[in-house]
Amino acid sequence: MSWQHRNRTGLARKCVAAGIVCALLLSATPTFTIACPRSSSRLSTGGAGVHVASSAAMAFGSMTAIPGRTGLTMMSPSYRNRILLAVAVAAVGLYAAARKPPAVALAAASAPVGCIEPGATDPSLFVQTNVKLGDKKMAFMQAASKAVAKCLGKPESYVAVSVQDGQDIIWGGSDSPCALCKVISLGSINLQNNKALTKEVSDLLAEFEVPANRIYVNFFDLERQNVGYNGATFAG
């Protein structure tokens, strides 16, 4: 949840609470106003001071005129308008709480038009080994590319394979044939897929006498905003 949504939700809850409190408190508060005719706009109590009441406000109904005591009179909104005000505050709060920011729509609008193809993904395989693949290197890379697409369920048009052979690598203190592999993908990284691809890569490397117990394959599931492509990212 974004901080804007949290702030909006918090404000909405406060508005609802304020409306309920206003309704409870104001509905229990009696109405006392100065005594004056509805056509009058000014009244002097004659003792403790001068109290002014708008005749327009009285005509609208936000003020009522009933007898009061000199020096102790007070003005307040009518009971009806207090309830209307409390209900309005609560309604605004409920509306704000129900409304969610259109995060998906904003994300879609921010993506460059034509930049990201539908269903675009990024599976990549990196292989480092201390054996030389020789003239079979390209065949190995092509076979590995198909294995990645098959095991992860991704289109091969987005599969990238990088192989560095003849590297200085030791395993358990020995420079016997071994390999270090890394797979990164936007999704499709799970136990079943990882096991299937590990077997495929191990079988391909077995042709170069690299035993399966000297091969590491590390899997990384990346978020779309963390993968750049075509001048932007897969998130837009």
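# Briefing: cysteines, strands and salt bridges

The sulfur of Cys 181 has its closest cysteine sulfur 10.0 Å away, in Cys 178, which is too far for a bond. The model is predicted. Its chain has 236 residues, and 32% of them count as buried. The secondary structure comes to 6 helices and 8 strands. A search of the whole structure finds 4 salt bridges, while the number of disulfides is 0.

**Overall layout**

- Along the sequence, the elements follow the pattern α-β-β-α-α-α-β-α-β-β-α-β-β-β.
- Helix H4 covers 103-110, and a loop lies between this helix and strand E3.
- Strand E3 spans residues 124-129.
- Helix H5 spans residues 137-152, and strand E4 covers 160-164.
- Strand E5 spans residues 179-185.
- Helix H6 takes in residues 191-206.
- Strand E6 spans residues 215-221.
- Strand E7 covers 228-229, and strand E8 covers 232-233.

**The two cysteines**

- A disulfide is a covalent bond between the sulfur atoms of two cysteines.
- To count as a disulfide, a pair of cysteine sulfur atoms must be within 2.5 Å.
- Seen from Cys 178, the closest cysteine sulfur is that of Cys 181, 10.0 Å away, so the gap is too far for a bond.
- Cys 178 is buried, and its relative accessible area is 0%.
- Cys 181 is also buried, at 3% relative accessibility.

**Strand E5 and its neighbours**

- Of the 7 residues of E5, 5 are buried, so the rest of the structure largely encloses this strand.
- E5 pairs with E3 in the antiparallel sense, over 6 bridges.
- In that pairing, Ala 179 of E5 stands opposite Thr 129.
- E5 also runs parallel to E6, and 7 bridges join the two.
- Cys 181 has Val 217 of E6 as its bridge partner.
- What do E5, H6 and E6 make together? They form a right-handed β-α-β unit.

- Leu 125 has its place in strand E3.
- Leu 125 counts as buried, with a relative accessibility of 1%.
- Leu 125 and Ile 184 are 59 residues apart along the chain, yet their C-alpha atoms are separated by 6.8 Å.
- Asp 122 sits in the loop between H4 and E3.
- Asp 122 is buried but has no salt bridge. Its nearest side chain of opposite charge is Lys 154, at 8.1 Å.
- A salt bridge needs a nitrogen and an oxygen within 4 Å.
- Which side chain does the side chain of Asp 122 touch in a polar contact? That partner is Ser 124, at 3.3 Å.

**Salt bridges**

- Lys 137 forms one with Asp 165, with the closest N and O atoms 3.3 Å apart. This pair links distant parts of the chain, 28 residues apart. Lys 137 lies in H5, and Asp 165 in the loop between E4 and E5.
- Lys 137 counts as partly exposed, at 25% relative accessibility.
- Another joins Glu 156 and Lys 146, whose closest N and O atoms are 3.5 Å apart. Glu 156 is in the loop between H5 and E4 and Lys 146 is in H5, so the pair ties together parts 10 residues apart in sequence.
- Glu 156 is partly exposed, with a relative accessible area of 33%. Lys 146 is exposed, at 51% relative accessibility.
- Asp 203 and Lys 199 form a further salt bridge, with the closest N and O atoms 3.0 Å apart. Both residues lie in H6, 4 residues apart, or about one turn of the helix.
- Asp 203 is partly exposed, at 39% relative accessibility. Lys 199 is exposed, with a relative accessible area of 54%.

**Backbone points to check in the view**

- Most residues other than glycine have a negative phi.
- Ser 188 has a positive phi near 65°, and this residue is not a glycine.
- Where does Ser 188 lie? Look in the loop between E5 and H6.
- Ser 188 counts as partly exposed, with 25% relative accessibility.
- Asn 230 also has a positive phi, of about 55°, although it is not a glycine.
- Asn 230 is found in the loop between E7 and E8.

Technical notes
Residues are numbered from 1 along each chain as its sequence is written. This is a predicted model: local features need pLDDT of at least 70, side-chain atom pairs count only at pLDDT 80 or more; totals for chains, interfaces and linings use all residues. Side-chain values use heavy atoms; hydrogens and water are left out. Buried means under 20% relative accessible area, exposed over 50%, partly exposed in between (1.4 Å probe, protein chains only). Two strands pair if DSSP finds at least two bridges between them. A crossover is right-handed if, with the strands pointing away from the viewer, the path from the first strand over the helix to the second runs clockwise. Lys and Arg count as positive and Asp and Glu as negative; His and the chain ends are not counted. A polar contact is a pair of N or O atoms within 3.5 Å; within protein, one must be able to donate a hydrogen and the other to accept it, and residues adjacent in sequence count only if both atoms are side-chain atoms.
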